[in-house]
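I opened my notebook for a first look at this protein. Come along as I jot down what I looked up.

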Amino acid sequence: MNEPDLLIKGQVVGEDGHGIGQALVTVEGSVNFPEIAMITDDAGNFSVRLPLGDCTLQASAPDQRHGSLKICPRSGASFRIIVR
């Protein structure tokens with residue numbers, strides 16, 4: 001039986017609110033979460049299907065700035081990760 005999952009969309013941005021392209025986004029969650037890593041597009045956007053449950057999105061910009069955001073995905077959710 002497959003676990004339900006949700007499509008979430010997000011964007012990695014700097015403190016100025018502009019998207020950061022080529023940032024690495026990883027997902028950390030409970031033992032039920034698969035290892036997930038992706039690279040943002042040129043505007044800092046990403047999308048991923050996540051299983052239900054709390055997780056942490058972590059972002060690393062090419063210039064070594066980092067940010068993280070703890071989320072509990074809901075249908076149609078979108079998130080912004082600010083890197084500092």
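This is a predicted model: local features need pLDDT of at least 70, side-chain atom pairs count only at pLDDT 80 or more; totals for chains, interfaces and linings use all residues.

**Entry: overall build.** I counted zero helices and seven strands in the protein. Reading along the sequence, I wrote down the pattern β-β-β-β-β-β-β. The radius of gyration came out at 12 Å, close to the 12 Å that the globule rule gives for 84 residues, so the protein is as compact as a globular protein of that length. Along the principal axes, I found that the C-alpha trace spans about 40 × 25 × 20 Å.

Entry: I looked up burial next, and buried residues make up 38% of the 84 residues. The protein exposes about 5300 Å², and carbon and sulfur atoms supply 48% of that area. For the charges, I noted 7 positive and 10 negative ones, with mean positions 7 Å apart.

**Entry: contacts along the chain.** Taking contacts between residues at least 6 apart in sequence, I found that 50% join residues at least 24 apart.

**Entry: Thr40.** Where does Thr40 sit? I found it in the loop between β3 (36-39) and β4 (45-51). Is Thr40 buried or exposed? Its relative accessible area is 2%, so Thr40 counts as buried, the cut-off being under 20%. The side chain of Thr40 reaches the backbone oxygen of Ile20 at 3.0 Å, and a polar atom of that side chain lies 3.1 Å from the backbone nitrogen of Gln22. Leaving aside neighbours within four places in sequence, I listed contacts of Thr40 including Val12, Gly21, Val25 and Phe46.

How values were computed
Residues are numbered from 1 along each chain as its sequence is written. Side-chain values use heavy atoms; hydrogens and water are left out. Helices (H or I, at least four residues) and strands (E, at least two) are DSSP runs, numbered from the N terminus. The radius of gyration is taken over C-alpha atoms; the globule rule is 2.2 Å times the number of residues to the power 0.38. Buried means under 20% relative accessible area, exposed over 50%, partly exposed in between (1.4 Å probe, protein chains only). Contact means heavy atoms within 4.5 Å. Accessible areas come from the Shrake-Rupley method with a 1.4 Å probe; for residues, only the protein chains shown count as cover. Lys and Arg count as positive and Asp and Glu as negative; His and the chain ends are not counted. The place of a charge is taken as NZ of Lys, CZ of Arg, CG of Asp or CD of Glu. A polar contact is a pair of N or O atoms within 3.5 Å; within protein, one must be able to donate a hydrogen and the other to accept it, and residues adjacent in sequence count only if both atoms are side-chain atoms.
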